[in-house]
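Here are a few notes to read alongside the model. Take them one at a time and look for each spot as you go.

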Amino acid sequence: MNDRNVYSCLQRLPGVYRDPPRIRKDASTLLDSSVGRHLQPEASSFVENDGTTVKSLLLKGTVPMTYRGATYNIPVDVYLPPNYPIRPPVIYVRPVSTMMIKEGHRHVAADGMVYMPYLHTWRNGSHNLVDACLAMSQMFGQDPPVYSKPPGYTQPTPPPPPPKYEHVAVSGTNSNNASTAAAVGASTSKPSINSTTTTTTTTTTAPSNGTTTATSNVSNGISGVFSSLVGSCNGFGKINIQTAEEKLAKEAQEANEVAAIARAAEEKEKQQQKLTQEARTRLTQLSRDILNKYRTSSMEGLRNDFKDQLLVEKSKNFVQDPKDGQIAYLNKRKQELEKYHEEVDGCIGKLSTFIKNVEKEKSSKSATEISVDELAVPSDIHSAQMLLLSAENAAINDALYFLDKALADNGISLEEHLRVVRKLSKQQFLVKAHLLKIGQVKASEAIVTRNAWS
């Protein structure tokens, strides 16, 4: 935006500058900086020391300065002369109606023109507008160039113009050839407060022997006229003093209102800057938190992906290893299972053949049925006893089962059930004890036999 405004102003100043891009760059840089953000570009003109008026680019506004811990804005005009940047900028302090330039300031003249070492040592390649304004702001912070007008301050009345004199030269001869004469006359009249009129007339003719008397007469005439002018001016000032005081009071009130508005605007700007800074701080913190969370989650995701990649690599090696891999193991197991399958098929064939032979032999035999007792033949007496006792134990279990069922079906009474159960339980206890004893004997015999074989 600032660059566009500067360009628009330069368009209204054709042919003034030799290097318009440099002017545009320097002015835009100053307007975008912190020290020059309150300046505005204008197409203006200023009067040179020789009285000529030239067109130039004007940067008008305020420059901040810090004095005793507080920030103040100093109104200034920064002119860029036609031969800038070879020539330094021309800077003026422009105090408002409620301010006045400090008398005897080291770097600011009575007309507001700024003189400082940075401008005196200006170099085209190493100096710029931003550094110039920074140096000026620092210089003003050490010695402010303006101050507020005291209450009741009255602008001094400018001195009246000097009276007009008539100069008459008379030709003559000097001691050798000619002499010189002069006559000066003045007539001045001014009304005073009591409407009286004072008239002073002086005419002097110089003798041929010198000019001392003429000079004395001229001085006397000037003194009389000045006294008359002072008296008349004093009377005129007494008449208009009330009007001047009212005007000054009105101007002071307007200046106070303008100052109040400026202070309110400055406070509003400070509040906006504070709110902007707080919003920037909150946004920065929020952005930092979001970025930290995203960074943490991204790092965790990368770690998990790295772990998964390692697992994939290990799994790949575990599966594709030609010696100990899963593929080699499964191929080996496949070969073993195929071999076992072949063996099972062979065994099935043998069993089928055996079954066929047994059925053929069974069909060829006409032998009678073999009883169950003949199928289980004990090899010794202890085995025969165990067989009989086991059969008796099984029979007692069956009897107890059916007794419980008969009691549940109300087939027998509870007293009969208890009597028979008591009897059978006693008998079963004896049978089990006998079986246990025979088992111990059989175990001892087995140990003896094993020891004998060993």
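**Notes on the predicted model**

1. Residues are numbered from 1 along each chain as its sequence is written, and side-chain values use heavy atoms, with hydrogens and water left out.

2. On secondary structure, the chain has nine helices and eight strands (DSSP runs, numbered from the N terminus: H or I of at least four residues for helices, E of at least two for strands).

3. Now find Ile 396 in helix 8, which covers residues 381-408. Is Ile 396 buried or exposed? Its relative accessibility is 5%, so Ile 396 counts as buried (under 20% is buried, over 50% exposed, in between partly exposed, with a 1.4 Å probe and protein chains only). Of the chain's 454 residues, 22% count as buried.

4. What does Ile 396 touch, leaving out residues up to four places away in sequence? Leu 424, Gln 427 and Gln 428, where contact means heavy atoms within 4.5 Å. Gln 427 is 31 residues from Ile 396 along the chain, and their C-alpha atoms are separated by 8.4 Å.

Notes
This is a predicted model: local features need pLDDT of at least 70, side-chain atom pairs count only at pLDDT 80 or more; totals for chains, interfaces and linings use all residues.
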